[in-house]
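Here's a quick briefing to read with the structure open beside you.

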Amino acid sequence: MGQDPLFLGHISIGVVIIVLVKVLVAFAALMVAVMLVIWFERKLISDMQNRIGPNRAGPWGLLQTLADGIKLFFKEDLIPDKADRFAFKLAPYLVLVPALVAFTIIPVGGVVHIFGHTVQLQVADPPIGILLLLAMSSISVYGTMLAGWSSGSKYPLLGAVRASAQMVSYEAAMGLSVAAVVLLTGSLSTRAIVTSQAGSFFHIFPQWNILRLGVVPFLIFLVAATAELNRPPFDLTEAEQELVGGYVTEYSSIRFALFFLSEFMNAITMSAVIVTLFLGGPDGPNLGGPSFIWPILWFLIKTGAFLFFYVWVRAALPRLRYDQLMDLGWKLLIPVALAWLLVVAGMQVSRVYGLVLFVIFAAAGAVLYRAITIGRETGSEAEVIMTFRKLPAADPIRPEGD
Amino acid sequence: MEPSMFAAAIAKPDLITFVAAALIVLAGAFGVITSRNPVHSALSLVLTMFGIAILFIEQDAQFLAAVQVIVYAGAIVVLFLFVIMLLGVDRREVFGREFLRGQRPLAAVAGVVGLAEVLLLARTTWATGAHAANAPVGNSYNNVQKIAAEVFSAYLLPFEATAVLLVIAVLAAVYLARRVVTANAEEENSEAVQGKAVDR
């Protein structure tokens with residue numbers, strides 16, 4: 001397990017320069033990646049919808065995002081009359097900065113030796129590692145919330161309340177599935193999580209957490225991350241039919257561009273985090289050539305697969321209703337994630353404990369499901385009775401008063 | 001600047017970090033009490049939380065810093081904001097009257113006592129300089145394991161007591177939430193009764 005030189009106490013000017021270069025490279029790469037991902041999404045979804053998509057700016061429309069960016073830069077910047085000016089201006093940065101910081105903990109490749117320094121291909125490897133992701137996603141809730149509230153308008157406020165409630169509820173399920181990974185690795189550091197996944201079962205199956213933990217935490221994390229990103233099918237926050245544009249309705253010009261940018265940055269970061277936590281990060285076979293190139297390629301391929309998945313889901317699935325969203329988060333994902341975490345903990349002690357816990361939780365789950373079903377049935381009966389009781393009072397045919 | 005001087009300045013970051021973080025904490029604290037708008041106060045509170053998180057990192061308490069941001073800034077102040085937004089911030093607070101008798105003099109006394117305590121403690125213990133005994137410098141990877149070991153051995157009873165306290169709070173919240181439903185039902189029942197009365 002390597003340690004980031006910044007935390008060792010021997011800080012020399014060379015180390016500082018390396019960190020600065022890493023930050024600059026990561027920033028530039030992220031910006032270019034966002035540009036390409038927006039193009040990728042638009043092109044792919046138009047393929048899936050039998051359209052052509054952007055094809056004017058540059059070859060295959062590759063420069064379309066750049067053109068849109070320049071257009072947004074030169075548009076007029078509007079602030080609504082009733083807006084809280086301070087919070088309105090602050091909100092885009094509260095979304096952008098966490099999106100940038102969260103990417104720093106992703107290991108994008110192996111270790112490289114330059115000028116006698118050993119450099120990890122990741123911006124930072126803090127001891128709190130993956131907790132930084134949770135902290136940053138909880139900070140970006142502020143951006144969303146303030147954007148909606150400070151606009152001084154109804155629809156953004158409704159969108160913001162929906163978005164922040166959704167993000168806060170799915171954070172719990174996300175944290176619990178991350179906890180399963182941390183329990184198995186014994187460390188919070190993303191580098192340690194990745195290195196612990198190297199190797200294979202029977203020389204065939206990679207020893208990735210998706211297999212080591214059973215597929216359940218991976219699925220929970222995938223769903224929770226999609227909800228956390230407010231991406232379809234969980235994009236009720238910007239349900240056009242109900243809420244105009246959600247919390248970004250009143251934003252224009254560069255401030256809108258910042259929201260848009262950070263949304264796609266978050267999508268990239270989340271795909272990369274899923275790859276890091278469950279798919280071995282840059283782990284993969286070396287097929288010849290310089291050895292530092294393959295981990296980076298594997299990482300890019302895996303992350304790209306998840307970005308494809310997000311676009312695919314957007315094209316294929318209808319949006320959830322708000323109560324369905326909350327039911328899924330609180331009544332399914334959180335209990336299952338919690339139970340699976342305890343099963344993983346049992347497995348760490350011994351197979352017998354783990355299996356016993358699994359059987360207990362399966363039985364408890366069945367009982368709970370039955371109880372909820374019965375509760376729903378009697379609940380709807382009670383509702384019918386209530387409406388029936390109300391009827392005489394609400395009957396419009398009867399004359400009002402005495 | 002000479003490279004050696006530069007290196008010396010950043011190799012001993014304690015004082016610089018402390019002063020910067022302390023300024024952030026103080027700025028946030030002043031913002032909380034001087035803002036007229038409750039939402040701005042809540043935001044200043046977040047700033048204070050961040051400053052404290054930096055102070056924790058400076059003390060090698062990385063895990064506490066993360067928890068500070070996730071729990072306090074990420075959950076508790078978000079709840080504050082929810083409440084403020086749902087109750088409506090357009091309503092101005094009334095600052096003129098005291099809600100508890102003798103509230104202000106008591107607050108002043110409590111403030112002076114708190115300050116005296118901090119000053120007294122500052123004679124022996126400093127935030128900068130020596131680091132916490134549980135986390136040796138340069139080995140902060142073991143931080144989380146050490147906290148876990150302490151919590152589940154030496155401080156097991158307080159830990160479990162806190163868990164029980166939280167469960168009680170959740171139960172109370174659920175109970176209150178369900179009571180509102182029955183109250184509505186009773187109201188509707190009485191409406192139904194009134195409806196009958198009108199019918200007669």
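**The two chains and the model**

Chain B has 7 helices and 0 strands, where helices (H or I, at least four residues) and strands (E, at least two) are DSSP runs numbered from the N terminus. This is a predicted model, in which local features need pLDDT of at least 70 and side-chain atom pairs count only at pLDDT 80 or more, while totals for chains, interfaces and linings use all residues. Residues are numbered from 1 along each chain as its sequence is written, and chains are lettered from A and ligands numbered from 1 in the order in which they are written. For the complex, the predictor gives an ipTM of 0.75 and a pTM of 0.80.

**Chain B: make-up and confidence**

- Going along the sequence, chain B reads α-α-α-α-α-α-α.
- Of its 200 residues, 19% count as buried (buried means 20 or more other C-beta atoms within 10 Å of a residue's own, exposed means 12 or fewer, and partly exposed is in between, with C-beta atoms placed from the backbone).
- Take the contacts in chain B with a separation of 6 or more: residues 24 or more positions apart account for 56% of them. Two residues are in contact if their C-beta atoms, placed from the backbone, lie within 7 Å.
- The average pLDDT of chain B is 75, and 68% of the residues score at least 70; pLDDT is the predictor's confidence in each residue, from 0 to 100.
- Within chain B, helix α1 (residues 3-11) has the lowest confidence, with a mean of 48, and helix α5 (residues 103-122) has the highest, at 88.
- Residues 1-7 of chain B stay under 50 in pLDDT, and the model has 6 contacts beyond four places in sequence for them.
- Residues 191-200 of chain B also stay under 50, with 7 such contacts.
- Where pLDDT is low, the predicted coordinates should not be read in detail.

**Chain A: make-up**

- Chain A has 13 helices and 4 strands.
- Buried residues make up 41% of its 402 residues.
- Among contacts in chain A between residues at least 6 apart in sequence, 75% join residues at least 24 apart.

**Chain A: helix α2 and its partner α10**

- The axes of helix α2 (residues 64-74) and helix α10 (residues 253-278) of chain A come within 6 Å and cross at roughly 140°.
- That makes α2(A) and α10(A) oblique to each other.
- On the α2(A) side the contact uses A:G69, A:L72 and A:F73, and on the α10(A) side A:S253, A:I254, A:F256 and A:A257.
- A:Q64 also sits in helix α2 of chain A, and A:Q64 counts as buried because it has 20 C-beta neighbours inside 10 Å.
- Leaving aside residues up to four places away in sequence, A:Q64 touches A:W39, A:P54 and A:A57.

- Helix α4 (residues 130-150) of chain A is mostly covered, with 21 of its 21 residues buried.
- α4(A) is followed by A:G152, whose phi is positive, near 65°.
- Helix α11 (residues 293-316) of chain A has buried residues A:P295, A:W298, A:F299, A:K302, A:T303, A:L307, A:Y310 and A:V311.
- The buried residues of α11(A) pack against α1 (13-48) and α10 of chain A.

How values were computed:
Axes are lines fitted to C-alpha atoms, for helices over the stretch in contact, and angles run from 0 to 180 degrees between N-to-C directions. Angles under 35 degrees count as roughly parallel, over 145 as roughly antiparallel, 65 to 115 as roughly perpendicular and the rest as oblique. The expected span of a helix is 1.5 Å times one less than its number of residues.
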